[in-house]
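Hi,

Here's the structure I promised to pass on.

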Amino acid sequence: MDKKKLKLYFILGTVNVAGRDPLVVLEEALKGGVTCFQLREKGPGALEGEALRSFAEACKELCHRYNVPFIVNDDVALALEVKADGVHIGQEDGDISAVRRQIGPSMLLGVSTHNVEEALAAAETGADYIGIGPIYSTKTKTDTQPVIGPEMVRRVASLLPGLPIVGIGGLSERKARAVIQAGASGIAVISAIAGQDDPLEAARRLKGAVRLSLTGVEM
Ligand code: FQP
Ligand code: MG
């Protein structure tokens, strides 16, 4: 995949927007310059069934209006149903090569990883990109692995120089630089955009920080 699409990867579910309209938050983020979007609908009060499907379709339309890939987290069936641009799966979300067979060669496949072994396995089974994290501690996700820091990005990036990497977990404008300098193509965030009073401005600032950090880094 085009590594540039990972610069600022926004992840959102309807439960992450503090009572606001999630589509408004998404559009603000898109206006602020996010480069990739993942629908991650989980937790208490998450949409299901037809409501989830129509929400996913609305997200996809909005993303495409801004020329941003629309990725579905965990739910391969939903991703196929709404013809998403890709699907993102974690280590507990099923067999990576089975998911690749289900979605075919052209849909994007992202895989969550926490260490070198998982990253190598994901690359071998045809992941288009990997998420590495949690880089720092996060409050958004509670069932996380231990914090690994930017150093894990450096180790994986040096072993797999061709594989697009996005860092995730507790990232902010201030913390983006270390992750990018370690070899990530970008950062993934939920609360650093969705949890802010002004998601557009938050996205714009994060994008600026990533851009600046990428200056001089080979892409
Ligand atoms: N990295 C990324 C991405 N997206 C994610 N959703 C995760 C990591 C976490 O399965 P997982 O994936 O460990 O947990 P959950 O399904 O609850 O999100 F790289 F895209 F930024
Ligand atoms: Mg998952």
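Below is what I found around the ligand and the annotated sites.

A bit of housekeeping first. This is a predicted model, so local features need pLDDT of at least 70 and side-chain atom pairs count only at pLDDT 80 or more, while totals for chains, interfaces and linings use all residues. Residues are numbered from 1 along each chain as its sequence is written, chains are lettered from A and ligands numbered from 1 in the order in which they are written, and side-chain values use heavy atoms, with hydrogens and water left out.

Let's start with ligand 1. There are 17 residues around it, and Arg40, Lys42, Asp93, Ser112 and Lys141 come nearest (near means that a heavy atom of the residue lies within 4 Å of the molecule). His88 has a side-chain N or O atom 3.3 Å from a nitrogen atom of ligand 1. On its own, ligand 1 has 460 Å² of accessible area, and the protein covers 92% of that (Shrake-Rupley method, 1.4 Å probe; for residues, only the protein chains shown count as cover).

Now the annotations. In the unreviewed UniProt entry, one "binding site" annotation covers Gln38, Leu39, Arg40, Glu41, Lys42, Asn73, Ser112 and Lys141. (UniProt positions are in the numbering used here, feature names are shortened, and annotations may be inferred rather than shown by experiment.) From this set, Gln38, Arg40, Lys42, Asn73, Ser112 and Lys141 are in the lining of the largest pocket. A pocket, on a 1 Å grid over the protein atoms alone, is an open set of points where a 1.4 Å probe fits, with protein on both sides within 12 Å along at least five of seven lines; lining residues have an atom within 4 Å of a point.

Ser112 sits in strand E5 (residues 108–113); strands (E, at least two residues) and helices (H or I, at least four) are DSSP runs numbered from the N terminus. The Ser112 side chain makes a polar contact with that of His88, at 2.8 Å. (A polar contact is a pair of N or O atoms within 3.5 Å; within protein, one must be able to donate a hydrogen and the other to accept it, and residues adjacent in sequence count only if both atoms are side-chain atoms.) Lys141 is in the loop between strand E6 (129–132) and helix H6 (150–159), and its side chain makes a polar contact with the side chain of Asp143 at 2.8 Å.

The UniProt entry, again unreviewed, also has a "binding site" annotation on Asp74 and Asp93. Why do they gather at one spot? They span 20 residues in sequence, yet no two of their C-alpha atoms are more than 6.3 Å apart, so they end up together. The lining of the largest pocket includes Asp74 and Asp93. At 26% relative accessible area, Asp74 is partly exposed, and Asp93 is partly exposed too, at 30% (buried is under 20%, exposed over 50%, partly exposed in between; 1.4 Å probe, protein chains only). A polar contact of 2.7 Å joins the side chains of Asp74 and Lys42, whereas the Asp93 side chain reaches the backbone nitrogen of Gly90 at 2.5 Å.

Cheers
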